[in-house]
Every structure is written in C-alpha cells, then in structure tokens.
Amino acid sequence: MSVEIEREFSFLVNELPAGLEKFPSKIIEDNYIPTGSYNPSVRVRRNGEKYEITKKQPVDSTSGDSTRQIEHTILLTRAEYDFLNKLDGKRFRKRRFMYEIDGYTAELDVYLDKLAGLAVVEFEFSSEEEMANFVKPEFARADVSQELYAAGGFLAGKSYDDIADVLKEKYGYEPIKEVEKYAEH
C-alpha cells in the first residue's frame, strides 16, 4: 500500500490541443463506492492495465482545501479488481493523455460516455514550493481545483447534462465536441 500527499491543480479545458492523438494515453474506468455517498472518496480503478483501490481525503478537512489530499492506494490483481468492481457504485470512463508542458506533466482527461463534452487538465506537484511557483499554461482555463462538481466522486454516475448549467453559467464552458474517437481501447 502506498500513502502519499497528492498536490494538484485542476483546470477546465475549452479546446483540446492540436495533435493530441500523438501523445501517450490510456483508458481509465472508475467505480466510486458507496453509491449512497454524495461525493464518495473510495474508488476501484482500472488505469490502463493497472488495477487499484484508492481512498482520498483532504489533508486538512477543516479548511476545505481540495488541492492537497492524502491518497491511500492498494494495487490489485485483475481477479481482485474484477471482484471489487462488481460492487454497486457510481461509474465513469475517460481517456487520459500525458504530455510535458513547461517542465510539468499534464494529465488531460477527456471524459467519455455520459460525461462526454467535459475535459479537465491536472498538474501534480512533488513539493509545496513547486506548487507555489506554478504558472498555468494558456490552454488551462478556469481553475476548478476547489469545485465539488469537478471531483471524481461527485462526477461519477452523472451525465454532462447534470453539470452543464453550472459550467456554462459560472465559466462560460462549452462542451468539447467529437470525443467519441477517444473511446476506443
């Protein structure tokens, strides 16, 4: 089991970068449990060919700061994943593209299926200093690091239509078109 502090910023992406297909990518399937939770913090994940169960919780639950999370991750065998993934949960699927920009690794998530239209880029940091010195690239639009409706547990089980109004009203966000091509394994 690994336990680490995850430091990250998340931004909406209004336009996918040109040539995105040439960057490494993988399909991620998440199942957030339990279904009765408004924003579940436990997920069973297929991350490409890797399987895991993760629990995230804020470093400081009193501050409401979502940019720093304690992340407990246990790697699973395929058999363990298949068993746990049968649990009734809230699900979604996305394609994650990885590429370098300004010395940082960008994780660009293009949501699929019912959440098609949503794209979010995340930047993770190894230290507080690195995080404090980060300057977001131009393609990274609104900072949604602290927004509940951008959290995986909250998004799980929803459709783009469920969040479209708040994205449009608060950020002028328009859905990304033609993402079906990214759904292929």
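**Questions about the fold**

From the N terminus on, the elements of the protein chain run β-β-β-β-β-α-β-β-β-α-β-α-α. The radius of gyration is 16 Å, close to the 16 Å that the globule rule gives for 185 residues, so the chain is as compact as a globular protein of that length. Please keep in mind that this is a predicted model.

Q: How many helices and strands does the protein chain have?
A: Start with the order of the elements, β-β-β-β-β-α-β-β-β-α-β-α-α, read from the N terminus. In total, the secondary structure comes to 4 helices and 9 strands.

Q: What box do the C-alpha atoms of the protein chain fill?
A: The radius of gyration of the chain is 16 Å. Taken along the principal axes, the box is roughly 40 × 40 × 35 Å.

Q: How far apart are the mean positions of the positive and negative charges?
A: The protein chain has 26 positive and 36 negative charges. Their mean positions are separated by 4 Å.

Q: Which residues touch the most other members of the largest nonpolar core?
A: This core has 44 residues. The elements that give two or more residues to it include strands S1 (2-13), S6 (90-101) and S8 (119-125), as well as helix H4 (160-171). A second, separate core of 6 residues includes Val44, Ile53, Leu76 and Tyr81. Back in the largest core, the residues that touch the most other members are Leu16, Leu118, Val121 and Phe123.

Q: Is Ala140 buried or exposed?
A: Ala140 is in strand S9, and beyond four places in sequence it touches Phe11, Leu12 and Val121. Its relative accessible area is 1%. A residue under 20% counts as buried, so Ala140 is buried.

Q: Is Glu71 buried or exposed?
A: Glu71 lies in strand S5 (residues 68-76). Leaving aside neighbours within four places in sequence, Glu71 is in contact with residues including Ser2, Glu4, Arg43 and Lys55. Its relative accessible area is 10%, and because the cut-off is under 20%, Glu71 is buried.

Q: How far apart in space are Val42 and Gly172, C-alpha to C-alpha?
A: Val42 is found in strand S3 (residues 42-47). Among the residues that Val42 touches, beyond four places in sequence, are Asn31, Tyr32, Ile53 and Thr54. Val42 and Gly172 are 130 residues apart in sequence, and their distance in space is 31 Å.

Q: What separates the C-alpha atoms of Ser126 and Ile5?
A: Ser126 lies in the loop between S8 and helix H2 (128-132). With a relative accessible area of 62%, Ser126 is exposed. Ser126 and Ile5 are 121 residues apart along the chain, yet their C-alpha atoms are separated by 8.8 Å.

Q: Which residues are joined by a cis peptide bond?
A: Most peptide bonds are trans. The exception to look at here has an omega of about -5 degrees, and its proline, Pro34, is found in the loop between S2 and S3. The cis bond joins Ile33 and Pro34.

Q: What is the phi of Asp102?
A: Most residues other than glycine have a negative phi. Asp102 lies in the loop between S6 and S7, and at 62% relative accessibility it counts as exposed. Although Asp102 is not a glycine, its phi is positive, at about 50 degrees.

Q: Where is Asp113, a residue with a phi near 60 degrees?
A: Asp113 has a positive phi in a residue other than glycine. Its place is in the loop between S7 and S8.

Terms used: Residues numbered from 1 in each chain as written. Predicted model: local features only at pLDDT ≥ 70, side-chain atom pairs only at ≥ 80, totals over all residues. Heavy atoms only, no water. Core = buried A, V, L, I, M, F, W, Y, C linked by side-chain atoms within 4.5 Å. Buried < 20%, exposed > 50% of the residue type's maximum accessible area, 1.4 Å probe, protein only. Contact = heavy atoms within 4.5 Å. Rg over C-alpha atoms; globule rule 2.2 N^0.38 Å. Lys, Arg positive; Asp, Glu negative; His and termini not counted. Charge placed at Lys NZ, Arg CZ, Asp CG, Glu CD.
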